[in-house]
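Dear colleague,

Please find below the structure that I am handing over to you. My findings follow directly after it.

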Amino acid sequence: MRRKAGLILLALAVFFAALSPLLRWYAFPRLAKVPANAYQDMVLEARNATLLDYGTMTARTVPKVTIVQTLKGNVEESERIERTAGRDVVVWDGLSYVQGPDGKMVSRIPERYIFDAHTQEPVHATGEMVDGTPVRREGLEFKWPFRTEKRDYEYFDAQARVTAPIHYKGTERFRGLEVYYFEQTIPWTQVPMPRTMPVAGITPETVARTGTTRWYTTVRKFWVEPVTGAPVYGEEIHQEELRGGTLLGDRDRVTAFAGHVKMREDYIEHTVDLVGANRTLVLLMTSYLPWAFLTLGVLLLALALYLEARGRRPAGPEPAPAAGAEPVTA
């Protein structure tokens, strides 16, 4: 009976010991992915910012500029691309909508970001674009990979349509979470005019005929939760200028927008709560369950060996008869 129980325990020990690395190194890379139907929005603000008044073509200080960013999963497009890509693909239709303190639009820039659901690497397919212009992304955008490492990554800048390093600067604590701080600087670069301009009747083509160009620089900062690869907070020190041409009269340049853009407090709280919950799910597959299965396997193996040793223990010698006892006779 003991030998049978020992064999069962030994089989269970082998099963759980094998399940531990299988869950971490085989199941997790295949099961952990960004859902194709995800939807998220975020509100950022730049207080006491500089904004161009297109009526007078002069820059003025305003109390607040608001940027609303939305990302909506396009399931139909992701399924279409998956049929030829041969892997799980996510398509995000994004919109960056900027409005002034009076609620009027300053700019609106749509984009489509196509990436691998497991690794977050870009997937190049028809429809990949920024503001209606086809692009070919290299590097990350919006999200880091699961199990983010302490190293530099390549990050795509949608304004300049370029990829540049975003540097790992250190590990910090943010709202109770351990996060990696990344920073990217885009130097002054000439960038296209938005297709949708804030003044009726003005188009990028009419501005181009005046000889005026748009330039941009930013310092981009992200605090990334490394288990999920999700940013929990972000900032940008953002500057835009219009330079040269007859549109500015005798001026060489004028500030179109300048401000320190930060996430609004309510969206910080929501993001931290969401990332914290997802972090627990990822840790279940990468740490908690693998270690629990490995520990259980070791305990079951120890119990199986103990029962086997008990079953093989030799019986002791028969006790000698008591002194002075008389033999029994018929």
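I begin with one residue and its surroundings. Leaving aside residues up to four places away in sequence, glutamate 141 touches Glu111, Tyr113, Tyr155, Phe156 and Ala158. Please bear in mind throughout that this is a predicted model. Glutamate 141 is located in the loop that runs between β6 (133-134) and β7 (153-157). Its relative accessible area is 4%, and because the cut-off for buried is under 20%, glutamate 141 counts as buried.

The loop between β6 and β7 also holds phenylalanine 142. Most residues other than glycine have a negative phi. Phenylalanine 142, although not a glycine, has a positive phi of about 75 degrees. With a relative accessibility of 22%, phenylalanine 142 is classed as partly exposed. Arginine 161 is not a glycine either, and has a positive phi of about 60 degrees. Arginine 161 is placed in the loop between β7 and β8 (162-174). The relative accessible area of arginine 161 is 22%, so this residue is partly exposed.

I turn next to the aromatic residues. How many aromatic pairs does the structure hold? There are 18 of them. Tyrosine 113, already named as a contact of glutamate 141, forms a stacked pair with phenylalanine 115, with 4.8 Å from centre to centre and 25 degrees between the planes. Both tyrosine 113 and phenylalanine 115 are buried.

A further pair consists of tryptophan 223 and tyrosine 233, and it is tilted because the planes stand at 45 degrees, with the ring centres 5.2 Å apart. This pair links distant parts of the chain: tryptophan 223 belongs to strand β10 (residues 213-225) and tyrosine 233 to strand β11 (residues 230-243), ten residues apart. Tryptophan 223 and tyrosine 233 are both buried.

There is also an aromatic cluster, formed by Trp144, Tyr153, Tyr155, Tyr168, Tyr180, Phe182 and Phe222. One of its members, Tyr155, is touched by glutamate 141.

Is alanine 85 buried or partly exposed? Its relative accessibility is 31%, so alanine 85 counts as partly exposed. Lysine 72 is 13 residues from alanine 85 in sequence, and their C-alpha atoms are 21 Å apart in space.

As regards the chain as a whole, the protein has four helices and twelve strands. The C-alpha trace spans about 135 × 45 × 30 Å along its principal axes. The radius of gyration is 32 Å, whereas a compact globule of 330 residues would have a value near 20 Å. Of the 330 residues, 42% are buried. Among contacts with a separation of 6 or more, 61% are between residues 24 or more positions apart.

The accessible surface of the protein chain amounts to about 18,300 Å², and carbon and sulfur atoms account for 58% of this surface.

With kind regards

Conventions. Residues numbered from 1 in each chain as written. Predicted model: local features only at pLDDT ≥ 70, side-chain atom pairs only at ≥ 80, totals over all residues. Heavy atoms only, no water. Helix = DSSP H or I, 4+ residues; strand = E, 2+ residues; numbered from the N terminus. Rg over C-alpha atoms; globule rule 2.2 N^0.38 Å. Buried < 20%, exposed > 50% of the residue type's maximum accessible area, 1.4 Å probe, protein only. Contact = heavy atoms within 4.5 Å. Areas by Shrake-Rupley, 256 points an atom, 1.4 Å probe, with all protein chains shown as cover. Phe/Tyr/Trp six-rings, centres within 6.5 Å; stacked < 30°, edge-to-face > 60°.
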